[in-house]
Amino acid sequence: MAALLIGLSLVVVTSRSVFRSAIALTAALGVVAGLFALLGADFVAAGQLLIYVGGIMIIMLFAIMFSHRPAVGLDRQTNDQWLWGALFALAVACGLIVQFRAVYRGVFSTTVSMPTTISIGRLLLGDMVVPFEAISLVLLAALVGAVYFGMDYEERL
Amino acid sequence: MFELGPILSHVFQVLQTWVIGHGVPPLGAWILAKAIQVGVIVLLVSLIPMVLVYAERKVSAFMQARLGPMNVGPYGILQTLADGIKLIFKEDIIPIGSDRIVHILAPMVVVAPVFICFAPLPFGKGLVPIDLDIGVLFIFAVSGVSTIGVLMAGWGSGNKFSMLGGVRGAAQLVSYEVPRVLSVVPVLMFYGTQSLHGIAMAQQGRWFGVIPKWFIFYPVIGQIAFLIFLIASVAETNRTPFDIPEAESELVAGFHTEFSGLKFALFFLAEYAYVFVSSAMAVALFLGGDDGFSAGGIIPSWLWFIGKTFAIVFLFLWFRWTFPRLRVDRLMQFCWQFLLPWSIVNIGLAGLAVLLLK
């Protein structure tokens, strides 16, 4: 599944059509939701699908569909230094893998997966209520801003 | 007596012990049992839309004082089968100016989530394919994936009008998801679980010995929640009066104009399967799932569930031929300026009710 995710991300970055990259990104986010589910985080997996795929990617696709790019672009997606870039990315990846193995050696999840909704609810309204309220305020500001920018110019003033 | 749940689990036990006795490891036996259950669900999902298409044609015909399909088979029962076979043999046309891969993938992205949506539905006692703890959220999340398919269909047709149809369709789908999810929140507040089977179980019993404890009978919140959920589901499944995306008399066929043959059949199948899923959810959440007097075991619980679901499906079909189509801006207005505020008010009232009753 992780290999599928890496493959899809490569398609996102190298595809010549903007729309195809967006579809590959959607599929990649779906695979991430699957990874969440495999790790036992059921609520987060469903939330990932609902919000990322069902909300954010749709808006992104709207924006792509309404911008006037030709359907299959012929631009080259890489510049002349792509080999050095690829080597650098590979080096970073190896470094990260070595570090993760060193820190998490032998710690595989052996706990029985339990439904997480109750604990998330308790956390949100218990220990984490301040970040929860702060995030709601940020969302409210974003909503008001979106409505304001969506109004006609004369209506705004 | 006719309860399928215990019979089926017994059958699976026997099958598994037989298979293990022949040398297959227990994990293999478990996978085999799950594969058979998946096969049954796939079969269900393929057959139910056929029944629904026939039902729609007959119901609409009787409402319009005509007979509907009568030629193919007795009373036209095999009509949908004939239509399906015809669609399979049609030529598969891919427009030149379109993106081939997107055009081919779009119907699959629309149809695949429906099969998954049938899993958490409580078909009866012991007949829940998978009793997910996040059943409600899961169905909503997976339905959202179909919206991407609608956008892909609009884009992949290589046709400006189809693209506009796809965008309008996706906008409608995304908008009506909000009141739909919010209208279900009072149910979750009362029953404390997102498992559809758990919610259906919690609605057993009677008040004063007569009125069933279904959520729709709760004083004000039940009715408002049910109505908002029903209206939003009709809009989510692109049925009249909300079928601007596929209006036959307006946009030719909107986002699925350029799809012929099997691809069109897949879109059709997805729409009717979603009608069934929405009705089943309404039944499980608001109408008590498989609750009902069992007459000493003669009327099994799954018969109650199927009966109630088809009653709601009849409502869906009835709406189509009763209400005129909403214009697209009034459709959005209706969602954001009427349904959404009322669903939020409903959540407030439900909070009050939970406070007072517990």
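**Helix H11 and the fold of chain B**

Guide: In this predicted model, the cover over the buried residues of H11(B) includes helix H6 (160-191) and helix H8 (221-236) of chain B.

Visitor: Which residues of H11(B) are buried, and what makes a residue count as buried?

Guide: The buried ones are B:Leu331, B:Cys335, B:Leu339, B:Ser343, B:Asn346 and B:Ala350. The label needs 20 or more other C-beta atoms within 10 Å of the residue's own, so each of these six names meets that cut-off. Over chain B, 43% of the 358 residues count as buried.

Visitor: What is the span of helix H11 of chain B, and what is expected?

Guide: Helix H11 (residues 328-357) has 30 residues and reaches 41 Å from first C-alpha to last, close to the 44 Å expected at 1.5 Å a residue.

Visitor: Where in H11(B) does a kink lie?

Guide: At B:Leu339, shortly before the proline B:Pro341, with a kink of about 30°. B:Leu339 is also among the buried residues of H11(B).

Visitor: What share of the contacts in chain B joins residues 24 or more positions apart?

Guide: That's 77% of the contacts with a separation of 6 or more.

Visitor: And how many helices and strands are in chain B?

Guide: Eleven helices and two strands, running α-α-α-α-α-α-α-β-β-α-α-α-α from the N terminus on.

Technical notes. Residues numbered from 1 in each chain as written. Chains lettered and ligands numbered in written order. Predicted model: local features only at pLDDT ≥ 70, side-chain atom pairs only at ≥ 80, totals over all residues. Helix = DSSP H or I, 4+ residues; strand = E, 2+ residues; numbered from the N terminus. Buried ≥ 20, exposed ≤ 12 C-beta atoms within 10 Å, placed from the backbone. Contact = placed C-beta atoms within 7 Å. Expected span 1.5 Å × (residues − 1). Bend = angle between axes of the 7 residues up to and from the residue.
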